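Please look at the sequence and the model shown here. The text after them leads through a few of their features.

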Amino acid sequence: MTSEEDAGYEKQPASWLRYVALGDSMMALAGSFLLLVVSVAVALSLDQQVVDEQYLKLGPPPKLGPARIFEFQKTQLVSTEMRRAFEKDGVIAVRGLIDQDSLNLLDAASMKLIHDQQEKERLKPRGALSGNRRPRKRQFYATNHSLIFQQTPDLQDIDKTPFLKVALVSDIPKIAALLLQLDQNETLRVMRDIFLAKDEEQFICGWHVDDTGFWPATAEAPGVNAWIALDDMPPEEGGGFALAVGSHAATWREEAYNVTGSTHTFPKDGFRSASDMLENRMGSGTCNIQTSANHIYRRMEETKRVYNIKKGDIIFCERWLFHRTVPFDREAIKRRIAVDGEPFLSRRYSVRYGPGSSTIPKGWGTEISVLWDKTNGTLSLHSTLTYDYVAGLTADEVATRDVPWYPKVWPDTSNEELAKFEAIVARMPMLTKQFEVRRKQLRPKGPDSSGKTSRQQ
């Protein structure tokens, strides 16, 4: 190229570059947009390449057995086959364990909770009174904690307290103890019980393990969740429970704990306040593994098991098995509306069992036993200090020092503990209010709140 040509080249840049840099505004805009599209496509391609490489490092997906539901046998609560399946998969399902009378009582009691929630919804402010806030996404229509403490048990007529009956004196805790392979010298206790009702809202919490807001024990404590279906939940309709089979023992589980900020990542002495938890907790949120570790999300989806659940079936799963709720299928919702107009609602009652040696976590939190008495593991709600920690106690020690916040169910229940339920029932109205206050403190305000609001929900 001659010097004149060089000069001409400098004066006459390529047409598309000229438009981008100097030329016609419409052409410049189009050229800039094209560059942006190409850049985004390249970035996404590189990101996917990284995800694919990370996924390949997980190794081949394990072979899954069928979603078998075991029939309950009174003569052998946990068979060798059930035990092996639980150890390998981290989950089994059992049918026929709850008798029909108990199931009818649970049905009536849970419908009352639904009606109570409907009344709350009816009384909520509407229009100008509700302000300009967007409705907060919720995974469940109704969430009720600590139902075993809603009324004083009548030891002569335990049917009056159906949730307590099922959680404490049925064969369910016996199966949980046998799955944990506890002996007669060890205790099993109810660490938390929760009623949940899933509606047609599509929002769910992604693959996760329960943190201290739903399982108040430090990470080294084992446990079994007994998930009791109070409605039929056919997989084709949704609304049920998905479990990542074998995830409790997977080689990648530590990475999953870290990216979701599970209890394993909590400081030894806990967090000092709600803001400390929101600002300094590891990971990108309990529910967000699809975006924070997509390669692990893919593996969980590949190992997903969804049982064809019937009313009264019980899923027993290991504490550290990753799981998620299944949203209702949109087409199934449309069909239901077209037929009878009735909305979908699937009810479940979950009881989390742990050994009496489970330690109550230190630090700021929502645990009601701790809110009442700081010597159970952390701050009292009456204290204004945020660094006033004391040593965490075990669930057994809490029952001895105070009242049975974590009732004993193995090797048997304690009439002495049950007699103290009246004191807990009397405290519950105030504690429920304080519990909700603290949960609201875990909902950060501002544009960055979307990823972290799900952490304790």
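The model is predicted, so local features need pLDDT of at least 70 and side-chain atom pairs count only at pLDDT 80 or more, while totals for chains, interfaces and linings use all residues. Residues are numbered from 1 along each chain as its sequence is written, and side-chain values use heavy atoms, with hydrogens and water left out.

Start with an open sheet of three strands, in the order β7-β6-β9 with antiparallel pairing. β7 (304-306) and β9 (323-325) each have a single partner strand and stand at the edges, so one side of each has no neighbour in the sheet. On average, neighbouring strands here are turned by 25° against each other, direction ignored. Strand β6 (residues 241-244) is joined to β9 by three bridges, and the two run antiparallel. Strands here are DSSP runs of E with at least two residues, and helices are runs of H or I with at least four, numbered from the N terminus; two strands pair if DSSP finds at least two bridges between them.

Next come the aromatic rings. Across the whole structure, a search finds 10 aromatic pairs. Rings of Phe, Tyr and Trp (its six-membered ring) pair if their centres lie within 6.5 Å, and planes under 30 degrees apart count as stacked, over 60 as edge-to-face and the rest as tilted. F149 and F421 have ring centres 5.2 Å apart and planes at 65°, so this pair is edge-to-face. F149 lies in the loop between β3 (142-145) and α6 (162-169), and F421 in helix α16 (residues 421-441), 272 residues apart. Both F149 and F421 are buried, which means under 20% relative accessible area, whereas exposed is over 50% and partly exposed in between (1.4 Å probe, protein chains only).

A second pair, Y257 and F322, is stacked, at 5.9 Å centre to centre with 15° between the planes. Y257 belongs to helix α8 (residues 253-260), and F322 to the loop between β8 (314-318) and β9. Y257 is buried, with a relative accessible area of 2%, and F322 is buried at 0%.

Technical notes:
Axes are lines fitted to C-alpha atoms, for helices over the stretch in contact, and angles run from 0 to 180 degrees between N-to-C directions.
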